[in-house]
Every structure is written in C-alpha cells, then in structure tokens.
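Dear colleague,

I am handing over the structure below, and my notes on what was found in it follow directly after it. Please read them with the coordinates open beside you.

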Amino acid sequence: MPWSAVIEAPFGRLGVRTDSEHVREIRFLDRSEALRAPTSPVAVETVRQLEQYFLDADFRFSVPIELTGTPFQVRVWERIARIPKGQTITYTTLAEDIGSVARAVGGACGRNPVPVIVPCHRVVAVSGIGGFNGAADDSLLSLPIKRWLLAHEL
C-alpha cells in the first residue's frame with residue numbers, strides 16, 4: 001500500500017499510511033524518499049498535527065489511530081501513550097507495570113505502528129538511551145531521531 005503522505009521532518013522524512021478513518025502507520029524514512037502530498041482527509045489532518053508537534057512539543061495529538069498488533073503489543077503501546085511529554089520510563093519499569101519482562105517490551109516498542117504519536121522514544125534503557133525502531137531500513141541511523149525527539153520535548 002503506498003504512503004498516504006510523505007513529509008519532511010526535522011530529522012528526515014516521515015511516511016504516513018491511513019485508511020478512511022484512522023492513522024494506520026507512521027515510519028521514519030530516508031531523505032531520498034519522495035515527498036507525497038496527503039491523499040485523504042485523515043492524512044491531511046495527520047500531517048497538520050505532526051507539523052504542529054514539530055513546532056510545539058506541547059501539542060497533543062488527536063487523530064484517530066488504529067493499533068494493530070497482538071494483545072500484548074497493544075497493551076504496551078497503550079501504556080507508552082500515557083507517558084507524559086518530557087518524561088521517560090525504562091523498559092524494565094514499563095515491563096513491571098504490565099507484568100512482563102524488558103526484552104518483550106522492547107520488542108513491542110520496535111513494532112509500534114505509529115511512533116511519535118505513540119511516543120516509544122520515551123522508553124529508555126536503565127543504562128542509557130536504549131534502542132529505537134525509527135529506521136525504515138538499516139541505512140538510516142535511528143538513535144539520532146530518538147535523541148532529537150527527546151530533546152524536543154524538554
């Protein structure tokens with residue numbers, strides 16, 4: 001399925017996929033990916049909200065999202081969505097909160113279908129920043145994206 005929009009972000013490009021009612025996927029793309037104007041009303045609103053967030057970290061997303069994954073993944077993503085702006089939580093603490101283990105939480109974070117809106121960048125390792133699923137492929141360094149998002153929210 002083609003992207004419903006591809007936009008320029010402060011750290012690269014973002015691909016947005018929508019259906020007629022929901023945001024289904026956001027992915028960090030390489031700068032070589034062609035920009036694409038939004039192709040639906042949901043994509044237009046998603047782009048507007050992402051751009052507003054890039055200008056103002058206090059912006060709160062309200063676009064409807066569809067979290068498609070296993071029940072465990074959805075539980076992790078719903079918990080991540082409650083992490084306040086400017087705060088972080090460790091994989092271990094999040095795992096304890098939901099009765100799981102850090103490695104499983106990390107796996108769910110890496111499969112988050114709508115990063116930025118569901119702020120998986122706010123989940124960090126006990127000993128540092130931890131990983132990040134930000135890249136669409138191995139050629140893009142994703143930790144700088146996580147660092148940018150965290151710094152933007154301070």
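Glu-8 stands opposite Arg-13 in strand S2, and this pair belongs to the antiparallel arrangement in which 5 bridges join strand S1 (residues 5–9) to S2. The two strands form a hairpin, with 2 residues between them. Please bear in mind throughout that this is a predicted model, and that everything below is computed from it.

Strand S2 (residues 12–18) is also joined to S3 by 6 bridges, again in an antiparallel sense, and here the hairpin passes through 4 residues. Within this second pairing, Gly-15 stands opposite Arg-27 in S3, while Val-16 faces Ile-26 of that strand. How many of the residues of S2 are buried? The count is 7 of 7, so S2 is largely enclosed by the rest of the structure. For S3 (residues 23–29) the count is 6 of 7 residues, and this strand, too, is therefore largely enclosed.

An α-helix has 3.6 residues a turn, so residues three or four places apart point the same way.

The C-alpha atoms of Glu-66 and Gly-107, which are 41 residues apart along the chain, are separated by 19 Å.

Helix H2 (residues 71–80) has the buried residues Gln-73, Val-74, Val-76, Trp-77, Arg-79 and Ile-80. What covers these residues includes strand S4 (89–90), helix H3 (91–98), helix H4 (102–110) and strand S5 (123–124).

In the loop between H4 and S5 lies Val-116, which has a positive phi of about 80° although it is not a glycine; Val-116 is buried, with a relative accessible area of 3%. The other is Arg-147, whose place is in helix H5 (residues 143–152) and which counts as partly exposed at 45% relative accessibility. Between the C-alpha atoms of Arg-147 and Ile-129, which are 18 residues apart along the chain, the separation is 8.0 Å.

Turning to the protein as a whole, there are 5 helices and 5 strands, and from the N terminus on the elements run β-β-β-α-α-β-α-α-β-α. Does the radius of gyration agree or disagree with that of a compact globule? For 154 residues such a globule would have a radius near 15 Å, and the protein has 15 Å, which agrees. The C-alpha trace spans about 40 × 30 × 30 Å along its principal axes.

Of the 154 residues, 48% count as buried, and the accessible surface comes to about 7700 Å², of which 53% belongs to carbon and sulfur atoms. Among contacts between residues at least 6 apart in sequence, 55% join residues at least 24 apart. As for charge, the mean positions of the 17 positive and the 17 negative charges are 4 Å apart.

With best regards

Key:
Residues numbered from 1 in each chain as written. Predicted model: local features only at pLDDT ≥ 70, side-chain atom pairs only at ≥ 80, totals over all residues. Heavy atoms only, no water. Rg over C-alpha atoms; globule rule 2.2 N^0.38 Å. Buried < 20%, exposed > 50% of the residue type's maximum accessible area, 1.4 Å probe, protein only. Contact = heavy atoms within 4.5 Å. Areas by Shrake-Rupley, 256 points an atom, 1.4 Å probe, with all protein chains shown as cover. Lys, Arg positive; Asp, Glu negative; His and termini not counted. Charge placed at Lys NZ, Arg CZ, Asp CG, Glu CD. Pairing = 2+ DSSP bridges.
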